[in-house]
Amino acid sequence: MGNKRGIGARVVRLEDPRFVTGQGRFADDVSVPETTRAYVVRSPHAHARIIAIDAAAARSAPGVLAVLTGDDAVRDGLGGLACHAYPQLPPGAPHLRPVQPILASGKVRHVGDRVAVVVAESLAQAQSAGELVTVHYEPLEAVTLACAPRDGTPRVWDDARSNIAFTLERGNPAAADEQFRKAAHVTSLTVAYPRASANALEPRSAIAYRDSVSGRLTLCTSTQSPFMVRQALAEVLHMPESALRV
């Protein structure tokens, strides 16, 4: 405790003054001329088929500029979101690495899955119009535990053999088994680790605008990996990365 540079030492926080005096800068403080707002309509089901989406009332609501669904994304040929955080697996190892659609089409795969997006002149108008989007679902049996049996359970991805994306092994199984065999005592236990997520002070947000002269698209977003975001955006929009700035 006496070490001024070690554990227990007082750490001077440099960011506090601007936050406690109202000088912090958040996404809502960024002002871009003629900014519109987007509101995402999300699935209340963990697993369901999308039978139909009725967005007529939302499209005619005050201030609404566009209502887009998964079918629109497919029709426009937009790409999906690939999982970039994927481990190195041995050659030939079975794995599943699906591309996540930016808007669900035909099926939702988790609670909060993106079903439609409403673009309006204000956030309040977008939210109000989003409540007018009617989605007809056919609920399906859902799997909520990672330890669920591989066989006989509903699959998140219809073309997958199971819900296991990959199995990762390291080390020498034979040598480990031999050590356990020679051990005087072996204890077995199961450790359940909850899902974890990094959460910033404000929700993740994104503001995009296009330069009217160069045509270059700029995206301002809360991320630690701007180049990875630029790569993913280029894949979705089928644009060269040089035409994008993140």
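In which strand is the place of Thr-134? Thr-134 belongs to strand 6, which covers residues 134-139; strands are DSSP runs of E with at least two residues, helices are runs of H or I with at least four, and both are numbered from the N terminus.

The model is predicted, so that local features need pLDDT of at least 70 and side-chain atom pairs count only at pLDDT 80 or more, while totals for chains, interfaces and linings use all residues. Residues are numbered from 1 along each chain as its sequence is written, and side-chain values use heavy atoms, with hydrogens and water left out.

**The chain as a whole**

The protein chain has 6 helices and 9 strands. Its radius of gyration is 24 Å, whereas a compact globule of 246 residues would have one near 18 Å; the radius is taken over C-alpha atoms, and the globule rule is 2.2 Å times the number of residues to the power 0.38. The C-alpha trace spans about 75 × 60 × 35 Å along its principal axes. Of the 246 residues, 21% count as buried, where buried means under 20% relative accessible area, exposed over 50%, and partly exposed in between, with a 1.4 Å probe and protein chains only. Among contacts between residues at least 6 apart in sequence, 67% join residues at least 24 apart; a contact means heavy atoms within 4.5 Å.

**Thr-134**

Thr-134 is partly exposed, with a relative accessible area of 37%. Leaving aside neighbours within four places in sequence, Thr-134 is in contact with Ala-52, Ile-53 and Asp-54. Phe-180 lies 46 residues from Thr-134 along the chain, and the C-alpha atoms of the two are separated by 58 Å.

**Cysteines**

The structure holds 0 disulfides, a disulfide being a pair of cysteine sulfur atoms within 2.5 Å. Cys-83 is partly exposed at 34% relative accessible area, and Cys-220 is partly exposed at 36%.

**Residues with positive phi**

Most residues other than glycine have a negative phi. Glu-34 has a positive value, and His-238 has a positive value as well. The loop of Glu-34 runs between helix 1 (16-20) and strand 1 (37-42), while that of His-238 runs between helix 6 (226-237) and strand 9 (244-245). Glu-34 counts as exposed, and His-238 is exposed.

| Residue | Phi | Relative accessible area |
|---|---|---|
| Glu-34 | near 60° | 80% |
| His-238 | near 55° | 56% |
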